[in-house]
Amino acid sequence: MLKKYGFGVLFTTMAIIVVLVIQMFGLLDLANFKILDFSFQLRGPLSSWASHQENPNDSLDVVLIDVDDETYRLLGDIGWPYPRGEIWNRVVENLADAGAKVIVFDIQFDARDAHTARVLSVFNGELPENYYDGDLVLTEAIEYARSKGTEIVMASTIKTEPSSIPPQILIIPNDFIMRVNPDHGLVDIEEDKDHFTRRYPVFGAMAHEPDIWRLSLGMKAVKYYLDIPDDPGLSYDYDSGKFTYGPIKIPTYGSDHPGFLTNIYGPASHARIGKSEPWQTFKRFPLVWIIDTEDYDLPSYEEDTNWMDTFNPEGTLNMMMSMMDPEHKVPESPFKGKICIIGVSVEVMHDYKSTAFFDYLGAPTLMPGFEYHANAIQTILDENFIKVMGNTIEFTSDSATFQIALLVICALIAYLIIAVFDPLWGGILILVEAIILLSISVGMFTSDHLWFFKWISGNSEEISVPAPGETTFIPIMAPLLVMALTFLANVLYKFILEQRDKYFLKDTFGAYISPDLIDQMYEDKQEPKLGGDQGIHTAFFTDIQSFSSFSEKLSPPEVVELLNDYLNDMTDILLRNQGTLDKYIGDAIVAFYGAPVPVENHAYMACLTAVEMQDRLAELRLKWQEEGDRWPEIVHHMLNRIGIATGLMVTGNMGSSTRMSYTMMGDVVNIAARFEASAKQYGVYIQVLESTYIECKDDFHWRELDYVTVKGKSVPAYSYELLAKKGNLPPIYEKILPRYNKGLQLYRSQKWEEARAEFIAADKLEEMFPYRPTNPSRVYIYRCEHYMENPPDTNWDGSWTLTSK
């Protein structure tokens with residue numbers, strides 16, 4: 001007992017050490033980040049919620065002004081970069097007139113205005129008379145905006161050039177623009193190892209000026225939106241690990257990172273994910289709409305609607321409306337009191353970020369860079385920061401104590417489970433432990449600890465949304481891995497204690513050729529000759545499920561030993577029931593019934609063979625399990641699939657005059673082979689053609705499976721699942737079959753909702769034993785949902801076409 005549990009503790013300790021080493025090298029970081037992304041997607045968008053808003057119909061604090069495809073098309077004749085004295089000055093002035101509180105540019109203005117630069121190059125550095133310098137016109141617009149109470153924040157960046165001294169350079173707006181001293185913030189954002197963007201910097205600093213904190217673009221936007229004074233500015237409290245900026249407390253992501261995890265509010269606003277219209281996480285307006293006023297004609301006349309004048313009380317449209325209706329009210333500007341951040345989403349600019357909502361609802365969509373700034377700004381304004389247990393997701397000095405403690409606790413629980421229970425129940429309980437840990441992690445992120453039940457029941461939209469600042473994430477990948485390693489190490493040790501000597505191969509001629517065929521050849525005194533006879537026979541194919549996985553886990557000698565053990569028993573059953581062994585193809589057995597010796601009830605004998613093979617395989621599984629660690633777990637759960645079809649075929653000796661084999665050919669042979677292969681798509685293990693079912697339907701229990709066109713065929717056929725011999729049906733099927741059959745009837749009547757409900761009820765009763773990929777009820781649930789969205793033609797015959805074997 002001491003030896004047994006002593007080694008168990010040793011293996012558990014080794015599992016903890018192995019996981020710690022893996023964790024210290026950062027090999028689990030990406031997996032933890034993906035769990036974080038999964039938590040975001042389960043929580044869903046926050047765009048419909050903002051507890052800081054008094055008016056629930058109001059938008060968030062940030063509005064997007066987008067150089068999108070529409071803008072790029074309509075201003076195509078002007079060309080990018082747009083002239084600052086024609087486009088950008090109007091954008092600034094019009095947004096200021098519309099009441100914007102802050103205008104933020106996520107666009108670099110470090111070079112001279114491109115249009116002005118071209119003119120200067122033509123006229124030898126001198127501007128012609130009456131030609132306005134684009135940069136100076138933009139500065140006039142900035143001063144105009146300030147007079148209207150609107151602040152401008154422009155983009156800056158820190159570039160590293162190894163050949164420069166010092167090697168880092170601060171790139172800010174050009175000198176002409178800086179004459180009016182617009183403020184600017186850093187746009188540099190760090191990506192994670194998987195090239196996803198999850199963090200946002202509070203500030204940046206150059207290597208040669210580490211004490212000069214230069215605020216990020218988002219922080220500068222927050223400064224002017226909340227009217228935060230320059231003094232005392234940004235400060236850091238080492239005790240609490242938080243930055244203080246005006247009224248805002250910002251928790252840092254670890255002591256070595258001057259930033260925080262961005263709480264992404266939803267998918268990219270321009271994306272059409274499951275919707276006909278853009279998602280609009282943030283209110284988003286094409287840039288071309290902002291310059292669409294009475295005094296500016298868009299290049300494309302049909303698009304010229306003077307949209308921006310909709311919010312101008314002195315505009316012609318509103319003046320006319322007021323004359324016709326004295327009670328006419330001017331629509332409130334969507335930019336009033338907002339942070340308007342300007343950036344590009346047009347694809348040719350390549351300014352995109354991969355975020356947690358990248359593949360939300362299965363539709364991969366990148367987020368424009370300026371919208372990522374918007375999410376960070378809104379996170380700061382709402383103080384909706386994500387807390388990380390241990391302070392960082394990675395294994396760092398900040399997180400080491402918490403992550404090691406969680407690792408040890410989970411490993412000890414796993415060890416106690418495997419020490420008390422057998423491997424099967426131990427594995428199940430450790431799986432439950434892992435699910436509980438995942439549920440706690442995601443539950444703390446979403447503030448909904450019932451999320452798992454809502455998710456598996458298909459009601460993800462009912463998962464709660466956390467209040468501001470109530471989002472917490474627990475990195476759990478290391479604990480999950482240590483549970484698995486603890487289980488595997490201790491189970492492997494138990495197998496080693498019970499190891500037995502291997503069995504040797506029994507190789508006899510009769511194991512490969514039907515004894516009846518041998519007797520016939522002997523009695524007729526005939527050598528095998530080429531030729532075949534046509535007749536109604538039954539084709540039989542069987543194959544081990546996922547046998548390639550066995551080859552990966554076993555050495556070649558072990559594969560041979562296991563396969564011969566299996567094939568020996570299966571072949572004995574086949575030959576005992578008057579079957580003819582055609583050939584072995586790896587782990588597959590090809591056989592037929594009714595030739596060369598006639599078998600009157602060949603369809604029944606083939607079905608009986610299938611049932612007895614399943615029964616014998618169940619005994620083999622128990623035998624392999626009793627042999628302890630001699631075989632890996634996948635062998636303990638070995639399953640095989642069988643396809644049976646009765647029909648016209650040719651049987652006989654085929655090949656050459658010097659080398660031939662007794663085999664079968666015909667369309668029904670191909671169907672039997674397809675039925676064996678396609679059984680995995682239904683999660684069944686004996687699939688039978690209708691012709692075989694008719695021959696012996698009263699001798700067995702059946703489930704009608706499908707009216708299906710298998711791959712390579714053009715005509716559908718009815719198929720059935722062979723369940724058991726008459727009188728041996730498992731009791732659970734007495735509950736499954738009525739619901740399933742009713743669902744099938746409703747399905748063929750195209751009553752998708754009612755059919756789906758019946759299949760869901762049947763699915764809950766289906767036994768999902770290890771390595772069973774699905775079941776027929778689940779297959780039809782998917783089909784019902786498919787046909788709800790894609791109804792079949794009016795002449796639909798109820799058939800389904802398989803696109804793979």
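A disulfide here is a pair of cysteine sulfur atoms within 2.5 Å. The model is predicted: local features need pLDDT of at least 70, side-chain atom pairs count only at pLDDT 80 or more, and totals for chains, interfaces and linings use all residues. Residues are numbered from 1 along each chain as its sequence is written, and side-chain values use heavy atoms, leaving out hydrogens and water.

View 1. A disulfide is a covalent bond between the sulfur atoms of two cysteines. A search of the whole structure finds zero of them. Cysteine 696 counts as buried because its relative accessibility is 1%. Buried means under 20% relative accessible area; exposed means over 50%, and partly exposed lies in between (1.4 Å probe, protein chains only). Cysteine 410 also counts as buried, at 6% relative accessibility.

**View 2. The whole chain.** The protein chain holds 24 helices and 27 strands. Both are DSSP runs numbered from the N terminus: helices are H or I with at least four residues, strands are E with at least two. The chain has 805 residues, and 52% of them count as buried. Among contacts between residues at least 6 apart in sequence, 70% join residues at least 24 apart. Contact means heavy atoms within 4.5 Å.

**View 3. The largest nonpolar core.** A nonpolar core is a set of buried Ala, Val, Leu, Ile, Met, Phe, Trp, Tyr and Cys residues joined through side-chain atoms within 4.5 Å. The largest one has 84 residues, and Ile250 and Ile339 touch the most other members. Helix α11 (residues 400–420) gives the largest share of this core, nine residues. In soluble globular proteins, nonpolar side chains tend to be buried together. What does isoleucine 339 contact, leaving aside neighbours within four places in sequence? The list is Asp61, Val62, Val63, Val102, Val104, Ala221, Tyr225, Ile377 and Leu381.

**View 4. Strand β14 and its two partners.** Strand β14 (residues 339–344) is largely enclosed by the rest of the structure, because six of its six residues are buried. Ile339, Ile341 and Gly343 lie on one side. Cys340, Ile342 and Val344 lie on the other. Strand β1 (residues 62–67) runs parallel to β14, joined by six bridges. Two strands pair if DSSP finds at least two bridges between them. Isoleucine 65 has isoleucine 342 of β14 as its bridge partner. Strand β2 (residues 102–105) also pairs with β14 in the parallel sense, over four bridges. Here valine 102 stands opposite isoleucine 339.

**View 5. A three-stranded open sheet.** The strand order is β9-β10-β11, with antiparallel pairing. β9 (235–237) and β11 (248–251) are the edge strands, each pairing on one side only. Twist averages 30 degrees from one strand to the next. For this angle, axes are lines fitted to C-alpha atoms (for helices, over the stretch in contact), and angles run from 0 to 180 degrees between N-to-C directions. Three bridges link β9 to strand β10 (residues 242–245). Serine 235 has threonine 244 of β10 as its bridge partner.

**View 6. Glutamine 403 in helix α11.** Glutamine 403 sits in α11. Is glutamine 403 buried or exposed? With a relative accessible area of 4%, glutamine 403 is buried. Beyond neighbours within four places in sequence, glutamine 403 contacts Gln23, Thr392, Ile393, Glu394, Phe395 and Pro475.

**View 7. Leucine 554 between two helices.** Leucine 554 is in the loop between α16 (547–553) and α17 (556–576). Its relative accessible area is 8%, so leucine 554 is buried. Not counting residues up to four places away in sequence, leucine 554 touches Val559, Leu562, Trp631, Pro632 and Val635. Leucine 554 and valine 635 are 81 residues apart along the chain, yet their C-alpha atoms are separated by 9.7 Å.

**View 8. Helix α5 against α6.** In helix α5 (residues 114–122), the residues Ala114, His115, Thr116, Val119 and Leu120 are buried. The buried residues of α5 pack against α6 (134–147). Asparagine 124 follows α5 and has a positive phi, near 55 degrees.
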